[in-house]
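Please look through the sequence and the model shown here before reading on. The paragraphs that follow are meant to be read with both in view.

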Amino acid sequence: MSSMALTRIGGGLSMNAMTAPPSVRQQVELPVLLCNLCSKQLVTTCFLCACDCIFCEECTYGHFEQNSNCPTCSKHLSETD
């Protein structure tokens, strides 16, 4: 993968709200994030580019191994972005 400024997010969601006793549980609505390239729901590791576009791990490695531009907005991403 070329060296660009990508932020790795995640590894999963905390289950604290689900394991708390019923009297303490709160209804928490989590936002649904989708990969900007394949539109799959992001449920594990994802990458946020300097241009604020977000991708799943598979699309990130598949695209950025050979390209340095964002596949969504076409911004050129360099090491300093």
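What follows goes from the overall layout to the core and then to individual residues.

This is a predicted model, in which local features need pLDDT of at least 70 and side-chain atom pairs count only at pLDDT 80 or more, while totals for chains, interfaces and linings use all residues. Residues are numbered from 1 along each chain as its sequence is written, and side-chain values use heavy atoms, with hydrogens and water left out.

The chain has two helices and three strands, where helices (H or I, at least four residues) and strands (E, at least two) are DSSP runs numbered from the N terminus. Read from that terminus, the elements follow the order β-α-β-β-α. Of the 81 residues in the chain, 26% are buried, a term that stands for under 20% relative accessible area, with exposed meaning over 50% and partly exposed in between (1.4 Å probe, protein chains only). The chain exposes about 5,700 Å², of which carbon and sulfur atoms supply 50%; accessible areas come from the Shrake-Rupley method with a 1.4 Å probe, and for residues only the protein chains shown count as cover. Among contacts (heavy atoms within 4.5 Å) with a separation of 6 or more, 44% link residues 24 or more positions apart.

In soluble globular proteins, nonpolar side chains tend to be buried together. A nonpolar core is here a set of buried Ala, Val, Leu, Ile, Met, Phe, Trp, Tyr and Cys residues joined through side-chain atoms within 4.5 Å. The largest such core has 13 residues, and those touching the most other members are Cys35, Leu42, Cys49, Cys51, Phe55, Cys70 and Leu77. Two or more residues are given to this core by each of β2, β3 and α2 (57-64), and β3 provides the largest share, three residues. Cys51, one of the residues named for this core, touches Cys70, Cys73, Lys75 and Leu77 when residues up to four places away in sequence are not counted.

His63 lies in helix α2 and is buried, because its relative accessible area is 14%. Once its neighbours within four places in sequence are left aside, His63 is in contact with Asn69, Cys70 and Pro71.

Ser39, in the loop between α1 (16-19) and β2 (46-49), has a positive phi of about 70 degrees although it is not a glycine. Asp52, in the loop between β2 and β3 (54-56), likewise is not a glycine and has a positive phi, of about 75 degrees. Asp52 counts as exposed because its relative accessibility is 61%.
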